[in-house]
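Thank you all for coming; I would like to take you slowly through one structure this morning.

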Amino acid sequence: MKRAALSLGVLLAYSGAWAVTPGTHWDYSGEAGPENWAKLTPEFGACAGKNQAPVDLSDFVEADLAPLQLSYVAGASKVVNNGHTVQVVYEPGSHLTLDGNEYDLLQFHFHMPSENHIEGQSYPLEGHLVHADKDGNLAVIALMFKAGEQNAALARLWDAPPKAGQTQLITPMATVTDLLPADLDYYRFSGSLTTPPCTEGVRWLVLKQSVVASREQIGALTAAVGHTNNRPLQPLNARVVLQ
């Protein structure tokens with residue numbers, strides 16, 4: 001399987017902010033939409049691969065998954081709306097330890113509605129915590145949100161999310177730990193970036209326990225981006241989902 005070894009610029013941009021090839025336009029609908037990503041430029045060829053994300057997590061295989069080892073400090077420094085998502089930039093110093101390897105937390109961003117499904121269930125909001133090791137290999141922790149009460153951790157990040165092309169500072173810096181549920185049990189599968197260049201070999205860790213955000217908070221994120229931003233489900237093919 002092709003491993004996800006990417007340049008720092010692409011790693012920081014993963015969320016759909018920028019593509020490998022400057023000037024290559026892609027979108028979530030129309031001629032530049034997901035069904036055509038692989039045709040837009042050779043650098044997006046992996047979008048037609050066999051190990052793509054997102055997926056519908058189902059038919060789980062029991063496995064002895066190690067507890068997540070998270071070492072997060074306050075590092076959420078600014079919020080950027082790049083037109084494809086609302087993304088929170090994270091300063092160095094926080095990491096995930098997985099398979100004996102350290103993956104630094106680079107940023108987290110949001111998809112409305114969720115990209116991954118769990119046993120056929122879609123969620124109104126999904127957060128992706130994007131990590132990379134020293135060689136550029138990726139691990140993503142996915143967090144599902146249900147509609148409910150206001151989420152205090154989201155409210156801490158912004159009064160209102162920035163509009164396309166805008167950046168807001170977070171002062172003082174916040175910690176992503178406040179977004180996470182108490183139970184960190186997770187599903188695991190091998191997948192890809194969910195935006196071009198769709199590089200495969202990404203380690204996906206999808207938290208089983210969801211958290212809540214208000215309909216107003218979810219609606220404000222969608223309005224800030226201006227459209228839904230979820231790639232359609234991709235076939236599992238020969239892969240398994242571990243739990």
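Let me begin with a definition: a residue is called buried when its relative accessible area is under 20%, exposed when that area is over 50%, and partly exposed in between, with a 1.4 Å probe and with protein chains only taken into account. Before I use it, please note that this is a predicted model, in which local features need pLDDT of at least 70 and side-chain atom pairs count only at pLDDT 80 or more, while totals for chains, interfaces and linings use all residues. Residues are numbered from 1 along each chain as its sequence is written, and side-chain values use heavy atoms, with hydrogens and water left out.

Now to the protein as a whole. Its secondary structure comes to four helices and 13 strands, where helices (H or I, at least four residues) and strands (E, at least two) are DSSP runs numbered from the N terminus. For 243 residues, a compact globule would have a radius of gyration near 18 Å, and the protein agrees with this because its own value is 17 Å; the radius is taken over C-alpha atoms, and the globule rule is 2.2 Å times the number of residues to the power 0.38. Along the principal axes, the C-alpha atoms fill a box of roughly 45 × 40 × 35 Å, and 53% of the 243 residues count as buried. If we take the contacts (heavy atoms within 4.5 Å) with a separation of 6 or more, 69% of them are between residues 24 or more positions apart.

Which residues of helix H4 are buried? In this helix, residues 215–225, they are Gln217, Ile218, Leu221, Ala224 and Val225. Seen down the axis of H4, these buried residues fall within an arc of 125°, so they line one face of the helix; the arc is that of the directions from the helix axis to the C-beta atoms. On the other side of H4, we find Arg215, Glu216 and Ala223 exposed. The residue that follows H4 is Gly226, and its phi is positive, near 95°.

Let us turn to the loops. In the loop between strand E11 (186–192) and strand E12 (200–207) lies Pro197, which is joined to Pro196 by a cis peptide bond with an omega of about 15°. Cys198 has its place in the loop between E11 and E12 as well, and its phi is near 60°, a positive value in a residue other than glycine. Is Cys198 buried or exposed? Its relative accessibility is 0%, so Cys198 counts as buried.

Asp99, in the loop between strand E5 (95–98) and E6, also has a positive phi, about 55°, although it is not a glycine. Asp99, however, is exposed, with a relative accessible area of 58%. A cis peptide bond, with omega about -5°, joins Met112 and Pro113, and Pro113 is found in the loop between strand E6 (101–111) and strand E7 (117–118).

Finally, please find Val241 in the segment after H4; this residue is buried, with a relative accessible area of 0%. Although Val241 and Phe60 are 181 residues apart along the chain, their C-alpha atoms are separated by 5.2 Å. Leaving aside residues up to four places away in sequence, Val241 touches several others, among them Leu57, Tyr187, Phe189 and Leu236.
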